[in-house]
Every structure is written in C-alpha cells, then in structure tokens.
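Student: I have a structure open and would like to learn how to read its features. Could you take me through some of them?

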Amino acid sequence: MLRCMSTMEIAQFLHGLARSLIGARGQSGLLAATLPPMDSGIDRALAAGSMRFGGRVLRSPLPSVTLRLASGVDAVGLADAWGIEAPIAVSGDVHQATWRIAMRGRALPDLGTRLIEVEDIVIGSWAVTALLQGRPRGDLPGVSAGASPVYDLRERGGMVRAIFVERVTPRGRLTTAGDPVAVRLLEAARGRNPFARPGWAPAADCPFVIISAGETPVAGAALVVDRMSSLALVSAVVIDPATASNSTGEDLVDVLEAVAFENGAGAIRFDGGAFLFEASLGLADRGYTVGPPYDGDSDADVWAEHRLDD
C-alpha cells in the first residue's frame, strides 16, 4: 500500500538538502543529494546543464535540478535549517511575479530609500534558489534591492513551492598552454613535483583551463579531445596548494568535463598519474574508474576515466 509522506517528512528532506549538497561532487553526487523519497509529493525534473566560464557558455554534463513541491514548506524554517541568518524575499523579474529567498547583504548609500545588496544562496558548489508561493503578505516595505522590494521573511513569513539547484559558475578562462599564466602555473608545478613527466609540458597550442580565485590563477590543466574516439585526454594538472581553496579541485574537474562535453567527448580520461599529485580532485568519489590499483608509488603510470554521457 502506497503511503504519502507527511508535510513534516517533506520538510525534513528539504532541511537536510543543504547537508547533502555540501558533500555532493559531480553529476552522481548532485543526483543522489536531490533524489526525493518515494511518495514524497516532491517532483524532481532534470534539465540539460550549461556552464558560463570565461565569457563562454558551455554545455555541461551537470544537469540543473528542479524540485516541485505538492504542498508548500515554511520558508523561515527552511532558511533556518540552511543556516541563513537574515533571510529575505526578493523578486528577480521586472513584473515581480516570482519571489525567492535570498540573503541580506550590506547596506548601500541612502539615495532617498533604503537600499541593500542581495546575496544568492550558495551551498557547497551549488547555487540554490527557493521559490516562494507569491509575494509576501503585507504592505510594501521601505527597503529595496534594485527594483525589487525586500521583505524580511522573519516578519512576513512565506511558503516555498519549488527549489532550483545548479552548479555555481567557477571563475577562470579557457586559453592555451602557451599562455604566460599557464606557463607560470606549469613551471611552479614542476618545481614542486620531482616526478613530473612529459605530460607536464603540453604543446603551446594545447587547450588549457585556468581556474582563478578572484584575479589570482590557482589551478589549471591541459585537455585535448580525440574526435575519432570521442575521448577527452587531460594532462598537466596543476593546483597551487598555497592559494587554492577546498573547492578548487572540484571547480577544475567540473570545467574540464564541461569543455570536453562541449567538444563532443563521450568520456574523459586523466592520464599519466598527474592527478595523484593533487588528491583534492577526488576523482574516485565522482565515480571515476581508476587503474591500475594505486599502491603509493608517486611515479606509477595510472589513469582515471569517466563517461560523460551516462
């Protein structure tokens, strides 16, 4: 006999969504984190993914996820569960037909009305948009963000009707291995790694992904797509341990997968053992097949491969 989940059980799943997303890596992690329980009244829809990177829009194997709720969930309770201390409601369209939860940012100079910045909700590597069931009740507030009134959710309340999840846009650019910035990253990596092999010196015209933290380049890798085999080959993986963050490796892999996918690759392969020097890539956790078994020899020939079209 089928059983419909209670409103409390639905709320518990959504409250735990933040914890699940923090540890979600790649497509398999995203799908596992957003999979609602059976008979939950939550409909999950997947859409083809895209990634903005360095001024370009790339097709990405990472989908966007929409969770539509059969019944609304208390917006304040959800914000509390997600650790949002100052939740507000703002509208992102000129007609103010749709409203979402955001975080209150800093106050802006007063030009006749109280203006504030709005910060989007980011959980781990994911941008999360919680849509409300219409405009919060009550009179227009005296605070605005751009053209949108800003409602304090703790004062006005509200119900969430849908949640949209997509990959946060990593910062950086797609260039070639001959780019002076790429050359400096590679030279620094060779200085740190006594076992660097020829893969660490890709041809100058080889495509190269650079990941940045602010304006500082912190990671990179070369990538070539073999159109005969539809396989993307990654080499010369570089992550600067002095400037990289915990998410840098994940950002790099996500962008490399998107570049490969955009160029028609059905699979991606990290070859030559370079990825083992940068454990923060977490390829095994992302569902990559690693071989041969790694026994700790940092000079071993190893590889990691993953299908992009599963």
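The dialogue below covers aromatic pairs, a helix and a sheet.

Tutor: This is a predicted model, in which local features need pLDDT of at least 70, side-chain atom pairs count only at pLDDT 80 or more, and totals for chains, interfaces and linings use all residues. Residues are numbered from 1 along each chain as its sequence is written, and side-chain values use heavy atoms, with hydrogens and water left out.

Student: How many aromatic pairs does the structure hold?

Tutor: Rings of Phe, Tyr and Trp (its six-membered ring) pair if their centres lie within 6.5 Å; planes under 30 degrees apart count as stacked, over 60 as edge-to-face and the rest as tilted. The structure holds 2 such pairs. In one of them, W99 and Y151, the ring centres are 5.4 Å apart and the planes stand at 75 degrees, so the pair is edge-to-face. Helices (H or I, at least four residues) and strands (E, at least two) are DSSP runs, numbered from the N terminus. W99 belongs to strand β4 (residues 99-107) and Y151 to strand β10 (residues 151-152), so the pair ties together parts 52 residues apart in sequence.

Student: Are W99 and Y151 buried or exposed?

Tutor: Buried means under 20% relative accessible area, exposed over 50%, partly exposed in between (1.4 Å probe, protein chains only). Both W99 and Y151 are buried. F270 and Y288 also form an edge-to-face pair, with 5.8 Å centre to centre and 75 degrees between the planes. F270 is buried at a relative accessible area of 1%, and Y288 is buried at 6%.

Student: What does helix α7 look like?

Tutor: The expected span of a helix is 1.5 Å times one less than its number of residues. Helix α7 (residues 248-262) has 15 residues and reaches 21 Å from its first C-alpha to its last, close to the 21 Å expected. Of its 15 residues, 14 are buried. After α7 comes G264, with a positive phi near 85 degrees.

Student: In which order do the 7 strands of the open sheet lie?

Tutor: Two strands pair if DSSP finds at least two bridges between them. The order is β12-β13-β14-β15-β16-β18-β17, with mixed pairing. β12 (172-176) and β17 are the edge strands, each pairing on one side only. Strands β14 (residues 216-226) and β15 (residues 231-239) pair in the antiparallel sense over 7 bridges; V225 has A232 in β15 as its bridge partner.
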